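Please keep the sequence and the structure in view while reading.

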Amino acid sequence: MFLSMNAEKKILVLHGPNLNLLGSREINIYGHMGLEELNGLILKEAEKIGLAVNCFQFNSEGALLDCIHSAPGKYSGIIINPGAYTHYSIALRDALAGVHLPAVEVHLSNIYAREAFRQRSVIAPVVYGQISGFGPQSYLLALRALQGIICGL
Ligand code: DQA
């Protein structure tokens with residue numbers, strides 16, 4: 001977990017299933033950066049632009065749902081990489097739709113350039129927007145996007 005205390009607005013960053021394996025998992029697709037290093041980059045960028053972040057990774061759908069349910073009142077927005085749940089989890093979609101927090105869906109890989117089953121996101125219709133295909137930068141772009149949304153830009 002990474003927490004920056006000084007920033008005004010706090011963002012929940014959620015990494016979904018198998019993202020704990022970053023750095024060793026399909027490096028031709030997801031690259032060499034591990035989750036810890038990625039969280040470090042996210043924290044650094046957040047601090048730079050005056051946001052606080054908490055980063056969590058869960059493999060189970062239930063843990064992701066619980067974390068989303070408890071987000072209102074604690075966070076101003078959500079960045080989520082739902083991993084494979086992107087493509088079929090109506091429960092995750094309903095949780096994001098139910099909490100009334102701005103959310104951005106991110107993917108390291110460009111899901112539209114991959115297998116047909118990855119080219120559909122059931123999450124995309126209930127989030128502000130989706131950033132897909134920029135590797136670790138997808139999360140950093142999402143931070144900037146959320147900051148703009150929170151500030152009413
Ligand atoms: C992913 C893309 C998904 O299709 C896949 O199941 C993942 C990672 C990405 O970040 O590119 O686990 O969300």
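Ser121 is found in the loop between β4 and β5 (129-132). Helices (H or I, at least four residues) and strands (E, at least two) are DSSP runs, numbered from the N terminus. The model is predicted, so local features need pLDDT of at least 70, side-chain atom pairs count only at pLDDT 80 or more, and totals for chains, interfaces and linings use all residues. Residues are numbered from 1 along each chain as its sequence is written, and side-chain values use heavy atoms, with hydrogens and water left out.

Ser121 is buried, at 11% relative accessible area. Buried means under 20% relative accessible area, exposed over 50%, and partly exposed in between (1.4 Å probe, protein chains only). Beyond its neighbours within four places in sequence, Ser121 is in contact with Thr86, Glu105 and Gln130. Contact here means heavy atoms within 4.5 Å. The side chain of Ser121 also has a polar atom 3.1 Å from the backbone nitrogen of Ile123. Arg93 sits 28 residues away from Ser121 in sequence, with 9.6 Å between the C-alpha atoms.

Arg114 has its place in the loop between β4 and β5 too. Arg114 is buried, with a relative accessible area of 16%. Its contacts, leaving aside neighbours within four places in sequence, are Ile29, Tyr30, Ser109 and Gln119.

**Side-chain polar contacts**

A polar contact is a pair of N or O atoms within 3.5 Å; within protein, one must be able to donate a hydrogen and the other to accept it, and residues adjacent in sequence count only if both atoms are side-chain atoms. The table lists side-chain pairs.

| Side chain | Partner side chain | Distance |
|---|---|---|
| Ser121 | Glu105 | 3.0 Å |
| Arg114 | Ser109 | 2.9 Å |
| His15 | Tyr139 | 3.0 Å |

His15 lies in strand β1. His15 is buried, with a relative accessible area of 0%. Setting aside neighbours within four places in sequence, the contacts of His15 include Leu35, Leu38, Asn39, Ile42, Phe58, Leu64, Asn81 and Tyr139.

Val13 also lies in β1. Val13 is buried, with a relative accessible area of 0%. Not counting residues up to four places away in sequence, Val13 touches Ile42, Val53, Asn54, Cys55, Phe56, Ile79 and Tyr139. Tyr85 is 72 residues from Val13 along the chain, and their C-alpha atoms are separated by 16 Å.

Ile79 is in strand β3. What is its relative accessible area? The value for Ile79 is 1%, so Ile79 is buried. Not counting residues up to four places away in sequence, Ile79 touches Ile11, Leu12, Val13, Leu14, Val104, Val106, Tyr139, Ala142, Leu143 and Leu146.

**Helix α3 and its cover**

Which residues of helix α3 (residues 61-69) are buried? They are Leu64, Leu65, Cys67 and Ile68. They lie on the same side of α3, because they cover an arc of only 165 degrees around the axis. The arc is that of the directions from the helix axis to the C-beta atoms. An α-helix has 3.6 residues a turn, so residues three or four places apart point the same way. The cover over the buried residues of α3 includes β1, β2 (51-57), β3 (77-81) and α4.

α3 and α4 pack at an angle of about 5 degrees, with their axes 9 Å apart. Axes are lines fitted to C-alpha atoms, for helices over the stretch in contact, and angles run from 0 to 180 degrees between N-to-C directions. The two helices α3 and α4 are therefore roughly parallel to each other, a term for angles under 35 degrees. On α3 the contact is made by Glu61, Leu64, Leu65, Ile68 and His69, and on α4 by Ala91, Leu92, Ala95 and Leu96.

**Positive phi values**

Asn18 has phi near 75 degrees, a positive value in a residue other than glycine. Asn18 lies in the loop between β1 (9-15) and α1 (27-30). Asn18 counts as partly exposed, at 36% relative accessibility.

His100 has phi near 55 degrees, again positive in a residue other than glycine. Its place is in the loop between α4 (90-98) and β4 (103-107). His100 is exposed, with a relative accessible area of 72%.

Technical notes: Parallel < 35°, antiparallel > 145°, perpendicular 65-115°, else oblique.
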